[in-house]
Amino acid sequence: MKKAFRRLTAMLLAASLLLGNVLAANGSGSDATIDINTKFDFIMQLVDWYSLGAEEKDVLRDYFNQYFEKHPEEFTAVVNEIMQSIDPYSYYMTSKEYADSFGQTLGTFVGIGVTMFNGTPCFEDVYESGPAYEAGVRAGDVLTAVDGKSIAGMTNTEITKLLRGNANTTVVLTVTRADKTLTFTVTRREVTPEHVSSKTLAKGVEYIRVAAFGNDTDSAKFVKIWDGLAAKDTRAAIIDLRDNGGGLINMAQRMIETIVPDKGRYYLGLRERADEGGLKQYYTPGGGPRLNKVILLVNGRSASASEIVAGSLSDLGEATLLGETTYGKGVGQNHMQLPDGSILVLTSLEMQLPKRGAYNGTGLKPDIQLKNSGKTTSLADELPALDVKTALLPGQRGDAVRAMTARLSLLGYLDSAQDGFDIAVLDAVRRFQLANGLLPGLSAAPSTLALLDARAKQQASNASKLDDQLAAALAICKTAAEKPAQYRVNADGTWTNLS
């Protein structure tokens, strides 16, 4: 009876296929249904029902295994065609392909641990955990030669090739710093990439660049920077997420949880498969210093984890988005290593924002939409005016001291600008005087201030430029920084929010 029922069902399936129907009862006698959309579906269903050789086999899996044994060179292409039929972000990679694609973000690399500003030989960042920093190289140093060979006229790509090499080999860097020529011998080694850096752009305004959400080192560095803002009397911050394609979601979450002052606010939903728990919602622990203004810079290459931070903080009203509409990658992937070291990347969750909800494929529209014109202004233009005719003395406070310390900070003699002329500032002044052939004294004489101003402006012209988006953000934040702080700094360096 069962066999006759299957034959009848097979005839009905054939008729259904010809008529364009897609559902028919199966031959088990249950209420279940099967999908018949194509001739291939029809064939495989009949094989499953009638083939003696397929009675206890997964025919398709066995076929592909045998096919790849005969044609191993086609494995990657075929598997990726299958992955792409699921979604555009799922794929298979060999271990080498994965290392080439993600090594600089999620892993380690052999080098000296520096990054350069685009189009200039000036070091934008020197990783504190890297060999260049340990040798004495600092952000803002301008590279002039590698192993005695001038790099004049070279592109950043050509310079990078000279800096790279095998582990335990050395490279000699010649740089200029405050008009002094310095030489450092650096031993290349394995370096963990650092994608987070910061600097004070104006009184009370901190600029934080997050180039990728790469590793625990990045996460810890961001937390350290943010937790140190109150001690620097920071009242506004610019977080640059432009060209940041994402990375680790847990780092994005830690950033949000570090920034938001209030406890218990819903900031992110991650929806997994139903059998993996479905939607998980996350809430802020609270405690971050309440700033007058936070601006997030975004563009069309800000994606994934960048959009989590930008969208969550924007939806919570904790930040203003400035720039261009983001990429729109609102799904996340698991990176699963296979026994041979290859990697399968599978989309396993969808991100949902507090107000915007799911945004995959649409991106985030900034509150302030602004494109870059390609023109830039020098960071030197943003330095506070310095009176070079009046000496500054220890114990003094005010804008004049901040203007001097802003220059000392830019040149690497201080960590940041400040209003008070204390012992640390005096030490920085004396080190600047010694480095520039001046007689060290107990004050900053006019001759010292004049030379300091010239050196700082030269350094700033070699360093980063302010594009339209950054300049607009800085103007807004400078105005916000003039308003009273919304927190009180405690004696132990912690803070208490006033509201």
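A residue is called buried under 20% relative accessible area, exposed over 50%, and partly exposed in between, with a 1.4 Å probe and protein chains only. The model is predicted, so local features need pLDDT of at least 70 and side-chain atom pairs count only at pLDDT 80 or more, while totals for chains, interfaces and linings use all residues. Residues are numbered from 1 along each chain as its sequence is written, and side-chain values use heavy atoms, with hydrogens and water left out.

**The whole chain**

**The aromatic cluster**

Next, select Tyr63, Phe64, Tyr67, Phe68, Phe75 and Tyr92, which ring pairs link into a cluster. Rings of Phe, Tyr and Trp (its six-membered ring) pair if their centres lie within 6.5 Å; planes under 30 degrees apart count as stacked, over 60 as edge-to-face and the rest as tilted. Ten aromatic pairs are counted by this rule. One of them joins Tyr63 and Phe64 edge-to-face, at 5.5 Å centre to centre and with 70° between the planes. Tyr67 and Phe68 also form an edge-to-face pair, with 5.9 Å between centres and 75° between planes. Is Phe68 buried or exposed? Phe68 is buried, because its relative accessible area is 13%. Tyr67, at 23%, is partly exposed.

**Charges over rings**

Move to Tyr133 and show Arg138, which lies over the face of that ring, at 3.7 Å from its centre. Then select Tyr89: Lys329 lies over its face, 4.9 Å from the ring centre. A charge sits over a ring if NZ of Lys or CZ of Arg is within 6 Å of the ring centre and within 35 degrees of the ring normal.

Finally, select the four strands that form an open sheet in the order S8-S7-S9-S10, with antiparallel pairing. Strands pair if DSSP finds at least two bridges between them. At the edges are S8 (149–150) and S10 (180–187), each pairing on one side only. Eight bridges join S9 (residues 170–177) to S10, and Thr170 stands opposite Thr187 in S10.

Technical notes. Helix = DSSP H or I, 4+ residues; strand = E, 2+ residues; numbered from the N terminus.
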